[in-house]
Amino acid sequence: MGFKRFIGKIGLKVGGWRDVYNVPADLGNAVCIVAPHTAIADFFVGLAFYWYHGLKFKVMMKQEFFKPVIGWILKKMGGIPVNRGHRNHMVEQMTEMFSQNKDTHLIICPEGTRKKVNKWKRGFYLIAEGAQVPILLGFIDFKKRYCGVERVFYPTGDYEKDLAEIWDYYRSIKVMGKHPEQFNLYEDYK
């Protein structure tokens, strides 16, 4: 077991986390959405999970985190700075990233923030569609101390229909974020 896998295993164990990774071994590249995203702690649980499973990943993060020194560390760990304030061709850039990487998961929190939102950002879907890769439905449940990926979703091109199916999945597994009041999927999205 490599160093990162060891650290990931210890991180999950010390935190009391159980995990699941139910994805075909030959899946290849994928967009992995993670919901709910209500705390910075989500990053560390996800990092331990990905390291433990020995998976290659990139993670989109707001550019404000990429200050000197910490920004270098985040980039080395797979962080991709995102300027959420203006149009920046991120879909095209991430599609290109997939063409240059193999067996890599692009991790995105579709809420786009840790605050409560009424709509998810559409970028995760557009990237998956543009790169012709599946969407992994990832979750972090602080109530049950359970995280992982149990489902692979293949976009059909009908965003509204696909999004409704994705939301139905998250409703069915009833995951709780660290700050459940910040995730309104269960209340407002039907």
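Val31 stands opposite Leu106 in strand 5, and that pairing is a handy way into this predicted model. Local features here need pLDDT of at least 70 and side-chain atom pairs count only at pLDDT 80 or more, while totals for chains, interfaces and linings use all residues. Residues are numbered from 1 along each chain as its sequence is written, and side-chain values use heavy atoms, with hydrogens and water left out.

- Helices (H or I, at least four residues) and strands (E, at least two) are DSSP runs, numbered from the N terminus.
- Two strands pair if DSSP finds at least two bridges between them.
- Strand 5 covers residues 104-108, runs parallel to strand 2 and is joined to strand 2 by four bridges.
- Strand 6 (residues 135-141) also pairs with strand 2 in the parallel sense, over five bridges, and here Cys32 stands opposite Leu136.
- Why is strand 2 largely enclosed by the rest of the structure? Six of the six residues in this strand (residues 30-35) are buried; buried means under 20% relative accessible area, exposed means over 50%, and partly exposed is in between (1.4 Å probe, protein chains only).
- Ala30, Cys32 and Val34 point one way from the strand, Val31, Ile33 and Ala35 point the other way, and all are buried.

**Cysteines**

- A disulfide is a covalent bond between the sulfur atoms of two cysteines; the cut-off used here is a pair of cysteine sulfur atoms within 2.5 Å.
- Searching the whole structure turns up zero disulfides.
- Cys32 is in no disulfide, and the nearest cysteine sulfur, that of Cys109, sits 9.0 Å away.
- From the Cys109 side, the closest cysteine sulfur is in Cys32, and 9.0 Å is too far for a bond.
- Cys32 is buried at a relative accessible area of 1%, whereas Cys109 is partly exposed at 22%.

**Salt bridges**

- Side chains of opposite charge can pair when their charged atoms come close.
- The structure holds three salt bridges, each being a side-chain nitrogen of Lys or Arg within 4 Å of a carboxyl oxygen of Asp or Glu.
- Asp141 and Lys144 meet through their side chains at 3.6 Å, N to O; Asp141 is buried at 1% relative accessibility, while Lys144 is partly exposed at 43%.
- Arg151 and Glu165 make another salt bridge, at 2.6 Å, N to O.
- Arg151 lies in strand 7 (residues 146-153) and Glu165 in helix 6 (residues 159-173), so this pair ties together parts that are 14 residues apart in sequence.
- Both ends of that pair are partly exposed: Arg151 has 25% relative accessibility and Glu165 has 31%.
- Asp168 forms a salt bridge with Arg171, with the closest N and O atoms 2.7 Å apart.
- These two are three residues apart in helix 6, so about one helical turn separates Asp168 from Arg171.
- Asp168 is partly exposed, with a relative accessible area of 36%, but Arg171 counts as buried at 15%.

**A nonpolar surface patch**

- Which residues form a nonpolar patch on the surface? Phe3, Phe6, Ile7, Ile10 and Val14 do, with about 510 Å² of accessible area together.
- Patch members have over 30% relative accessible area and no salt bridge; like charges are joined within 9 Å, and nonpolar side chains (Val, Leu, Ile, Met, Phe, Trp, Tyr) within 5 Å.
- Ile7 lies in helix 1 (residues 3-14) and is partly exposed, with a relative accessible area of 32%.

Technical notes:
Accessible areas come from the Shrake-Rupley method with a 1.4 Å probe; for residues, only the protein chains shown count as cover.
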